[in-house]
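The sequence and structure are shown first.

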Amino acid sequence: MSKEWPLWEVFIRGQHGLNHRHVGSLHAPDAEMAILNARDVYTRRNEGVSIWVVKSVDITASSPSEKGPLFEPSNSKVYRHPTFYDIPEEVGHM
Amino acid sequence: MYAQLVSTDGLKKPEEMTPEERAFQERIDRGEKIEPKEWMPEGYRKTLIRQIGQHAHSEIVGQLPEGNWITRAPTLERKAILLAKVQDEAGHGLYLYCAAETLGVSRDELMELLHKGKMKYSSIFNYPTLTWADMGAVGWLVDGAAIMNQVPLQRTSFGPYSRAMIRICKEESFHQRQGYAIMMKMASGTPAQKAMAQDALNRLWYPSLMMFGPSDKDSVHSAQSMAWKIKMNTNDELRQKFVDQTVPQAEYLGLTVPDPNLKWNEEKGGYDFSEPDWSEFFDVIAGNGPCNKDRLGARVKAWDDGAWFREGLVAHAEKAAARKAPVAAE
Ligand SMILES: [Fe+2]
Ligand SMILES: [Fe+2]
Ligand SMILES: [Fe+2]
């Protein structure tokens, strides 16, 4: 059979000025068609104001088996959170 | 359901599991999501490919009975609504094929298995849609039954499947409501229109009950799928819920559910009802329903007729890419 269309990952920015967010993937022969297909597949109800598409093969992902060592360093750094610090009530909102 | 007969091997007991399998099961028991690149038992992967693939095929084939009425919808508004609904189903199919693809099978491979009759789709779509009232009954009953099954699947253990289900569920309630709205219109119309609505209910009631799959006592394969959380409820549980939800809706329409044994059972807090004819179900699954040949034929024809177009787009994309590629210095 003929060649399969490549897979694209689709990112959409919603109405409220947030970042583009990954919403799913789809097949398309090229980037232009990927955008058009993404419009039809992922924004049928006004979900977006902007679409990015990226070929799935171009994405490098962290490996699930390294989840521990990769993210562990931030686990022990509770002082990065505001709640780590006790501020007296008299000081007011901070 | 949309995946009615997904067979797995029997349930493994903890002492039969390898350490990896046990750790995997513990993750699922803790409610963790399994993501595509993580380790999973082969059986889990295979069962999910079958189940998600079957589900995707059902969405795509499910466009056909409704597509049948797009050109003959009674008003422009109804036509626009039906088009939107059928387009949603195409979207549902695409979300699900993508979820299946994360497990290492390609969409075209799944399509090929469908076209060769090696993968199934829901038995419900092998019944004909004879009148406009069927558009009402399909939305109300068929999408209603689908919702019953899909809502709990939002919590399924496989991340991409769960996310696809969440998207789908957001869109399904429109499907059921537009169907019920058609039924309300027809049931409060002329006697002839009301009779059409009743006839649609009569024909689609039992096929809708079959959507949940055979009775639990006959489906030996659910235990492993339930342990893996790729099946969240038993077939009979969901069927009971569906009946309990649907009967009052039929009463509101002034229509009669075609089951002389239907009776409220105070003790169990649900209706007693007749089982569908399971021999008919197995017959339809085996390919002998009223529309099996039509449905599969339409799918294969669409795929074959579209080949030149798919290939043309690829050729165009390749040419455009070659034109853009930097030419080596000469
Ligand atoms: Fe759907
Ligand atoms: Fe559906
Ligand atoms: Fe639907």
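This is a predicted model: local features need pLDDT of at least 70, side-chain atom pairs count only at pLDDT 80 or more; totals for chains, interfaces and linings use all residues.

## Iron sites

B:E59 counts as buried because its relative accessibility is 1%. The iron ion (ligand 1) lies 3.0 Å from the iron ion (ligand 2).

The iron ion (ligand 3) is coordinated at 2.0 to 2.2 Å by B:E89 (OE), B:D143 (OD), B:E172 (OE) and B:H175 (ND1). Its arrangement is irregular because the 4 donor atoms subtend angles of 84 to 170 degrees; a tetrahedral site would need all angles between 85 and 135 degrees. The donor residues of the iron ion (ligand 3) are spaced E-x53-D-x28-E-x2-H in sequence. A distance of 3.3 Å separates the iron ion (ligand 3) from the iron ion (ligand 1), and B:E89 coordinates both. B:E89 is in helix α4 of chain B and B:E172 in helix α7 of chain B, so this pair ties together parts 83 residues apart in sequence. B:E89 and B:E172 are both buried.

## Nonpolar core

The largest nonpolar core comprises 44 residues, and B:W132, B:W140, B:W205 and B:F242 have the most contacts inside it. At least two of its residues come from each of α4, α6 (133–153), α7 (159–187), α8 (191–210) and α10 (235–253) of chain B. The largest share, 9 residues, is supplied by α6(B).

## Pockets and cavities

Which residues lie nearest the centre of the largest pocket? They are A:E9, A:H22, A:V23, A:G24 and B:R163, from a lining of 42 residues. Elements that each supply at least two lining residues are β1 (7–13), β2 (21–27) and α2 (67–75) of chain A, together with α4 and α7 of chain B. With 7 residues, α7(B) gives the most to this lining.

The second largest pocket has a lining of 30 residues, and A:W5, B:L94, B:R107, B:M111 and B:W303 lie nearest its centre. Here β2 and α1 (31–42) of chain A each supply at least two lining residues, as do α3 (63–67), α4, α5 (107–115), α12 (292–305) and α13 (307–324) of chain B. The largest share, 5 residues, comes from α4(B).

| Pocket | Volume | Lining by class |
|---|---|---|
| Largest pocket | about 1500 Å³ | 17 nonpolar, 11 polar and 14 charged residues |
| Second largest pocket | about 840 Å³ | 15 nonpolar, 7 polar and 8 charged residues |

The largest cavity has a volume of about 70 Å³. Its lining consists of B:G62, B:P65, B:I124, B:F125, B:Y127, B:P128, B:T129, B:V138, B:V142 and B:L204. By class, these are 8 nonpolar and 2 polar residues, with no charged residues.

## Backbone features

Although A:N46 is not a glycine, it has a positive phi of about 65 degrees. A:N46 lies in the loop between α1 and β3 (50–55) of chain A. Its relative accessibility is 59%, so A:N46 counts as exposed.

B:K229, likewise not a glycine, has a positive phi of about 55 degrees. The loop between α9 (222–227) and α10 of chain B holds B:K229. Is B:K229 buried or partly exposed? At 26% relative accessibility, B:K229 counts as partly exposed.

Notes: Residues are numbered from 1 along each chain as its sequence is written. Chains are lettered from A and ligands numbered from 1 in the order in which they are written. Side-chain values use heavy atoms; hydrogens and water are left out. On a 1 Å grid over the protein atoms alone, a cavity is a set of points where a 1.4 Å probe fits but cannot get out, and a pocket is an open set with protein on both sides within 12 Å along at least five of seven lines; lining residues have an atom within 4 Å of a point. Grid points are joined across faces, edges and corners, and a volume is the space filled by probe spheres set on the points. Ala, Val, Leu, Ile, Met, Phe, Trp, Tyr, Cys and Pro count as nonpolar, Asp, Glu, Lys and Arg as charged, and the others, Gly among them, as polar. Donors are N, O and S atoms within 2.8 Å of the metal (3.2 Å for Na, K and Ca); water is not among the atoms, so sites may look incomplete. Buried means under 20% relative accessible area, exposed over 50%, partly exposed in between (1.4 Å probe, protein chains only). A nonpolar core is a set of buried Ala, Val, Leu, Ile, Met, Phe, Trp, Tyr and Cys residues joined through side-chain atoms within 4.5 Å. Helices (H or I, at least four residues) and strands (E, at least two) are DSSP runs, numbered from the N terminus. Four donors count as tetrahedral if all angles lie between 85 and 135 degrees; four count as square planar and six as octahedral if opposite donors are over 155 degrees apart and all others between 65 and 115; anything else is irregular.
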